[in-house]
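Please look through the sequence and the model below before reading on. The paragraphs that follow lead from one group of charged side chains to a sheet.

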Amino acid sequence: MNQTLAIQEVIEKIDDAVKREDYKDPDAALALLQSIKADLHCFHEAGIDFKVVVDSLDDSIYITDREGRVMYVNPAHKKNTNIEPEEVLGRLTSDIVREGTLFTGGSTLDVIKEKKKIFRLSTVQKKDPPEVGYTVGVPIFDRNGELTQVVVSSRPILSLQALHEDYGRFLSEIDRTKDQQHVTIHKNAKSPSMSADRLIGASYSLKKISDIIALAAPTDATVLITGESGVGKEVIADEIYRNSDRSDQTFIKVNCASIPANLLESELFGYERGAFSGANSGGKPGLFEMASGGTLLLDEIGDMPMDLQVKLLRAIQDKKITRVGGTKPIQLDIRFIAATNSDLKKKIAEGTFRQDLFYRLNVIPINIPPLRERINDIDALTDHFIDVFAEKHHRRLTLSEKNREVFRAYHWPGNVRELENVVEYLTICASGSDHVDEETLRGILDISQSDNPATGTGTLAQSVENYEKNLIETVLKNSKSLRDAGARLGVNASTISRKIKQYGIDYPGTK
């Protein structure tokens with residue numbers, strides 16, 4: 001019913017009642033008022049855009065037809081699960097669950113089977129690590145009692161902590177699991193849980209980073225590490241800690257993106273007795289207090305809520321914090337390191353990150369270039385991971401020079417983390433030969449037979465430029481100087497120098 005039709009029907013009903021003089025009969029008047037009230041409710045309902053309402057919910061909404069074919073998911077579904085709408089829309093839920101790559105469990109299939117409201121757990125496999133959520137599936141029936149649709153709402157299990165009466169119980173649960181998911185605590189640089197990885201590679205950019213670490217690590221200056229996902233930001237943070245004067249003190253790593261926003265403040269700053277229902281009777285120190293005297297890494301700092309950014313800025317400036325529900329300032333002695341894969345300047349322009357906090361964090365900036373710009377690091381990293389997984393799996397992987405050429409030409413969208421995963425896969429599935437089969441390598445890297453790994457698709461000009469860039473990088477790696485590289489390629493040294501600047505090639509003395 002649209003609004004115009006609703007208004008017209010109410011007016012017509014009143015006119016008819018007046019003509020019949022129903023308003024003079026108390027029973028008829030009461031019936032008229034009740035009827036008009038119902039019509040006005042319909043009119044009010046007609047003015048609600050229910051899609052806008054559902055699209056604005058924090059809960060994930062997942063709607064299927066009677067067969068379980070996905071008809072709709074709201075924006076929160078993508079935000080909470082990392083699953084793109086096009087990965088599920090139009091597909092049968094039974095197929096999605098059976099494949100097990102997006103999610104498993106859930107209530108849709110049981111609702112279709114039992115024709116009633118169902119509560120079930122679901123595991124989102126696309127999260128890293130996989131995340132458990134709770135789902136509520138509700139059947140929708142037509143006038144004949146036939147099932148027409150299934151509506152499922154869901155949330156990550158940790159969001160239940162927002163429920164006041166269960167707050168204490170879920171805080172205990174997050175304490176039990178946080179070492180795995182949100183927080184890593186190293187007692188000192190020799191801690192068994194401390195990563196053994198070091199800076200590995202021969203690129204000029206990595207050498208510059210090493211030089212910065214050597215100068216900055218012994219100080220207490222705040223460091224901001226930026227770079228794409230998988231480039232090794234945590235490895236850089238570890239190196240700063242190892243080479244600092246606080247290497248014998250606690251090093252706490254916090255993933256700001258993986259802790260629910262409503263819990264992040266109490267996790268960082270702690271809370272006092274009685275701060276909320278279910279709080280520990282004696283209160284609880286936060287991660288800032290636990291890190292005092294040592295080092296604190298705030299990973300994914302770009303995802304920190306705006307209201308907490310203010311408190312973080314104050315904590316860094318004043319070296320003091322106040323627990324949730326408390327009034328007494330607590331003195332801190334912390335070396336801060338922050339890391340993010342976000343473009344913080346863009347976030348500042350969008351109004352989602354404070355400019356004053358950015359400047360407070362960006363005292364010693366370290367930007368890690370993506371692996372595709374550090375071709376000289378690929379061989380060293382590959383050899384390192386071959387050694388790591390040979391010891392882990394008791395198998396030795398051998399790569400031919402042609403295999404390595406493919407590695408050097410590939411664009412590595414997942415950066416060092418992707419390279420690590422590929423080497424482990426090959427160690428397990430393709431070891432025992434003097435090279436890796438080309439078809440296997442192309443399959444794992446998702447390169448078609450006709451594609452050049454470095455170019456993929458694009459215009460002829462783009463393909464030529466990519467080929468030229470990769471050729472120059474390969475020759476430079478095996479040359480003693482620009483003059484030597486030019487002689488190998490049949491051009492003079494000035495041409496090589498110009499091409500290095502044109503393509504942004506990582507080479508000493510050209511930055």
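**Charged side chains and a sheet**

Asp 383 is partly exposed, because its relative accessible area is 34% and the classes are set as buried under 20%, exposed over 50% and partly exposed in between, with a 1.4 Å probe and protein chains only. The model is a predicted one, in which local features need pLDDT of at least 70 and side-chain atom pairs count only at pLDDT 80 or more, while totals for chains, interfaces and linings use all residues. Residues are numbered from 1 along each chain as its sequence is written, and side-chain values use heavy atoms, with hydrogens and water left out.

Asp 383 forms a salt bridge with Arg 404, the closest N and O atoms being 2.6 Å apart, where a salt bridge is a side-chain nitrogen of Lys or Arg within 4 Å of a carboxyl oxygen of Asp or Glu. Arg 404 is buried, with a relative accessible area of 14%, and it also forms a salt bridge with Asp 379, with 3.6 Å between the closest N and O atoms. This second pair joins helix α16 (residues 401–409), which holds Arg 404, to helix α15 (residues 375–393), which holds Asp 379; helices are DSSP runs of H or I with at least four residues, and strands are runs of E with at least two, numbered from the N terminus. Asp 379, Asp 383, Glu 401, Arg 404 and Arg 408 are linked in a network of salt bridges.

Elsewhere, six strands form an open sheet with mixed pairing, in the order β7-β9-β10-β13-β8-β14, where two strands pair if DSSP finds at least two bridges between them. Strands β7 (183–186) and β14 (364–367) stand at the edges with a single partner strand each, so one side of each has no neighbour in the sheet.
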